[in-house]
Every structure is written in structure tokens, then in C-alpha cells.
Amino acid sequence: MTLMWRKQLEIGDETIDVDHKYLVCMINTVELTMRTPEHRDLLPATLEQLVEYTHAHFKREESIMLLMNYPRYYQHKQQHQLLIQELGDIQQKIQAKGEEEFSDEECASLAQLFRHWLLDHLVKEDMQMKPYLTGK
Ligand SMILES: [Fe+2]
């Protein structure tokens with residue numbers, strides 16, 4: 001199932017919000033390439049793009065936190081490091097399949113992992129920046 005962006009997920013900084021929307025698109029693309037046998041060969045590249053974009057996004061988010069003297073900077077940065085490890089684990093799981101096709105159940109459970117991976121952090125950790133970014 002496609003992951004849809006919702007306005008409630010905005011945290012009030014354009015750079016971060018645009019990055020998050022793009023991450024949602026990339027997760028959807030990875031899921032689509034997993035589910036579509038004729039696009040299966042694109043999967044390693046789409047996954048690699050997601051990993052690279054995630055690194056770049058975390059760096060941007062961390063610079064913004066530093067600029068505004070965000071009090072949870074270190075905790076938040078640690079969370080990013082964990083997320084990078086988790087993403088690496090998911091990537092390995094997918095790569096371990098080699099050329100083999102994914103069953104519907106496998107697609108659904110991997111899609112679920114990606115969703116938790118992004119949305120849990122966004123809602124629990126990123127959202128705490130909102131009052132500092134918007135003054136509300
Ligand atoms: Fe974050």
C-alpha cells in the first residue's frame with residue numbers, strides 16, 4: 001500500500017518537510033520495484049538512493065538543529081545513527097533475496113518495516129522540533 005503524505009506530518013521547516021516528503025516517495029518507489037517483477041532489476045539502485053538520501057537528509061536536519069541550539073541535538077543525532085543501522089539491516093534483508101521474487105507477504109512486511117522506520121522517528125522525534133522551528 002502506498003504511503004501517503006499528510007499535512008499533520010509537517011514540522012514547519014521547509015527544508016526538512018521537503019526532505020521527508022521525498023523520503024516517503026522513495027520508500028514508495030522501493031516498494032513498487034519490489035512488487036513489480038519487470039522492475040525488479042531497479043531495486044538495488046532505488047535502495048541505494050534511499051540510503052544516500054537518508055544520510056544527506058540527516059546531515060541537513062542535524063545542521064538545522066545545531067543552528068537553532070536545539071536542546072535534544074545529541075539524543076536526536078543518536079537516533080539517526082540507529083536509523084542508519086536499521087536501514088542497513090532492511091537493505092541486507094532485501095539484498096539477501098538476490099534475483100528471487102518477493103511474495104506478497106514479504107512485500108507487505110518489508111513495506112511495514114520502512115513505514116515504521118520513517119514515521120516512528122518523524123512523529124516521535126522530529127515533531128519535537130516543531131515548537132522550536134515555528135515558535136508555537
Ligand atoms: Fe530526525
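# Pocket, cavity and iron site

Visitor: Which helix gives the largest share of the lining of the largest pocket?
Guide: H2, with 3 residues. A helix here is a DSSP run of H or I, at least four residues, numbered from the N terminus. This is a predicted model: local features need pLDDT of at least 70, side-chain atom pairs count only at pLDDT 80 or more, and totals for chains, interfaces and linings use all residues. Residues are numbered from 1 along each chain as its sequence is written, and side-chain values use heavy atoms, with hydrogens and water left out.

Visitor: Which residues line that pocket?
Guide: Arg-40, Asp-41, Leu-43, Pro-44, Leu-47, Ile-94, Gln-95, Gly-98 and Glu-99. Helix H2 (43–67) and helix H3 (73–95) each give two or more of them. A pocket is an open set of points on a 1 Å grid, with protein on both sides within 12 Å along at least five of seven lines; lining residues have an atom within 4 Å of a point.

Visitor: How much space lies in it?
Guide: About 150 Å³ lies in the largest pocket.

Visitor: OK, new topic. How many cavities of 30 Å³ or more?
Guide: The count comes to 1. In a cavity a 1.4 Å probe fits but cannot get out. The largest cavity holds about 50 Å³ of space.

Visitor: Which residues line the largest cavity?
Guide: His-20, Leu-23, His-57, Phe-58, Leu-83, Trp-117, Leu-118, His-121 and Asp-126. H1, H2 and H4 each give two or more residues to this lining. H4 has the largest share, with 3 residues.

Visitor: What are the protein donors of the iron ion?
Guide: Glu-61 (OE), His-76 (NE2), His-80 (NE2), His-121 (NE2) and Asp-126 (OD), at 1.9 to 2.3 Å from the iron. Donors are N, O and S atoms within 2.8 Å of the metal (3.2 Å for Na, K and Ca). Water is not among the atoms, so the site may look incomplete. His-121 and Asp-126 also line the largest cavity.

Visitor: How are the donor residues spaced in sequence?
Guide: The pattern is E-x14-H-x3-H-x40-H-x4-D. His-76 lies in helix H3 and His-121 in helix H4, so this pair ties together parts 45 residues apart in sequence.

Visitor: Back to helices. Which residues in H1 meet H4?
Guide: From H1, His-20, Leu-23, Val-24, Ile-27, Val-30, Glu-31, Met-34 and Arg-35. Their partners in H4 include Cys-107, Leu-110, Phe-114, Trp-117, Leu-118 and Leu-122. Contact means heavy atoms within 4.5 Å.

Notes: Points joined across faces, edges and corners; volume = space filled by probe spheres on them.
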